[in-house]
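Thanks for coming, everyone. Let's look at one model together. Please have the picture open while I talk.

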Amino acid sequence: MDTWTSDSDEDFEWGSDNEVVDEGTRHNSLPPSGPSDPPIRIHEAMTGPSKKACEEGPSRPSLVCYFMGMGFEEEMVAKAMEKNGEGDTEAILETLLTYKAIDKAPSDYANSPNGCSLTSDKDNTDDDLSDMDDFQDEEFTEDLSEKDRKLLILVEMGFPTDEASSAIKRCGPNASVLELADSIHAAQMAEEPNCHLGESPFSSSAEEVRGKKRRSTEETNGKRKRFLAENEPMVCIPNPMIGFGLPNQRMCIANRKIPDAAIGPPYFYYENVALAPKGVWERISRFLYDIEPEFVDSKYFCAAARKRAYVHNLPIHNRFPLRPTPPKTIQEAFPMTRKWWPPWDPRKQFNCLQTCVASAKLTERIRNELEKYGDSPPQRIQKYVLDECRRWNLVWVGQHKVAPLEPDEIEMLLGFPRDHTRGGGTSRTERYKALGNSFQVDTVAYHLSVLKDMYPNGITVLSLFSGIGGAEVALHRLGIHLKTVVSVEISDVNRNIMKSWWVQTNQTGQLIDLADVQDLNGDRLEQMINTFGGFDLVIGGSPCNNLSGSNRHSRDGLEGKHSSLFYDYFRILDLVKCIMGKNL
């Protein structure tokens, strides 16, 4: 998946996935959207009843009353609001929970020589994500307070208290909030195997975002009726995420059925984040001919996790992997780091590679703190460092020194050629963003490998949301000649990277690059199909911005501003199939 980007979205917080950052579950306003009573009971269970009753009235601000109703002292609330400002309720809540966790007065905590700075660093201009808090001399975060914090967040998300508690017990205290939320969804699905999914797939909000009038029911040949079917089974995410099988292993027994309307050519391949909001993959599957998604974690193909789902009508037998086989562990990928790796850092693989990196201030603080204790820091320091290393995928580059991955290192992990995103006016920030939103080439190539024998003379590809050309690189590395590629990508930076790769690899086929999928209509597609003789493969992954757990602000699913472009993938695929069917 290579995510749609726009230079006009400077205020949008980019993030490609959700395995690391818990903040994806936050809400920005109070009171919470879920039931009002359970959060109060949770806080009372954590802190005990408030010593001061909060009486409604003009003399006491409603926000102070709200937090006092949770059981926090008025003085503590005032301190937290002074530190974070009245507008950031989430920061206030986290500050209060931290005060409670360490059982220390705010004034003493703030003045502690190694106290935790509860304000976010703003020097990380690469992205809107900020560093976590500093170290502290008291116990950093005890298991109980961490459980309570996650329990509170889950309840504020609207989950019942008992289900949230059960999820924490099932997944363990170190599970992210998103993983816990997905666990609750899975448990709910197990109890209710059938789910009412009869809402219209074309909502009014999605129509407004796209600004395009969809074709009528008659024009879709009655297919929309199938999309509106009720009592569809829920899509369950498997564990482990190995799809229909891995290279050099026996293929799983799969009861895979491709409806007649979906049998290729043209073949299609759609990708997006696996851990999407509830109901997203059910809807995607229904739109894409009721084909069940293939869930795969790229940690089985490289040294970094990338939990993705793929809906496609490709054959699943006789797949083969790219050669040479990429390294599967951090030490294999970066052997020079082995001598600096502390024994208390058990990581073997990276978490999902994000579109942003840790700031220099964070890595400096880690080094300064570790130097105080030498090679055996206390448990609380080890835990903090490990949390930050996992969150930001930091590597050890010297004694007590960690650093973020460089863009060329991420290129290698994702299967791109060295310097694929380098030069040509591409900034360091743009490289991180482009790579964080890209395919993992080895994973995708394994799925596409079945096309090599099917198209010995080359392939004609319609590549939607092309990004930096992950699909094209995969096909090229498989030895499949690219006769014609129509690449549709809105980012100028990504289009330039793709065109540069095309030239650098001496492609003899034709590259046609377009800017916007929404401008690709039936007339233009019919003209292309008549010119090229049709498309052999329609591939792409629409933006994951509103699906990813690292998006704190607008995880709105397929109705979000960016991720609603999935409907354009379906629209274009349906047009291609109709036009090519008519020309037979």
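**Ser298 and its neighbors**

Let's begin with Ser298. Leaving out residues up to four places away in sequence, Ser298 touches Ala304, Arg306, Gln440 and Thr443. Keep in mind that this is a predicted model. Where does Ser298 sit? Ser298 is in a loop, the one between strand 4 (294–297) and strand 5 (307–312). Is Ser298 buried or exposed? Buried means under 20% relative accessible area. Ser298 has a relative accessible area of 0%, so Ser298 is buried.

Next, Cys544. The UniProt entry, which is unreviewed, lists Cys544 under "active site". Find the loop between strand 11 (537–540) and helix 22 (566–583); Cys544 lies there. Cys544 also has a relative accessible area of 0%, so Cys544 counts as buried.

Now the nonpolar cores. The largest one has 70 residues. Which of them touch the most other members? They are Leu448, Leu451 and Leu537. Helix 14, residues 379–392, gives the most to this core: 6 residues.

Let's zoom in on Leu451. Again, residues up to four places away in sequence are not counted. Leu451 touches Tyr267, Leu314, Ile459, Leu475, Ile480 and Leu537. Then there is a second, separate core. That core has 44 residues, including Val235, Ala262, Phe535 and Ile572.

That's my tour. Over to you.

Notes: Residues numbered from 1 in each chain as written. Predicted model: local features only at pLDDT ≥ 70, side-chain atom pairs only at ≥ 80, totals over all residues. Heavy atoms only, no water. UniProt positions renumbered as here; feature names shortened; annotations may be inferred. Helix = DSSP H or I, 4+ residues; strand = E, 2+ residues; numbered from the N terminus. Buried < 20%, exposed > 50% of the residue type's maximum accessible area, 1.4 Å probe, protein only. Core = buried A, V, L, I, M, F, W, Y, C linked by side-chain atoms within 4.5 Å. Contact = heavy atoms within 4.5 Å.
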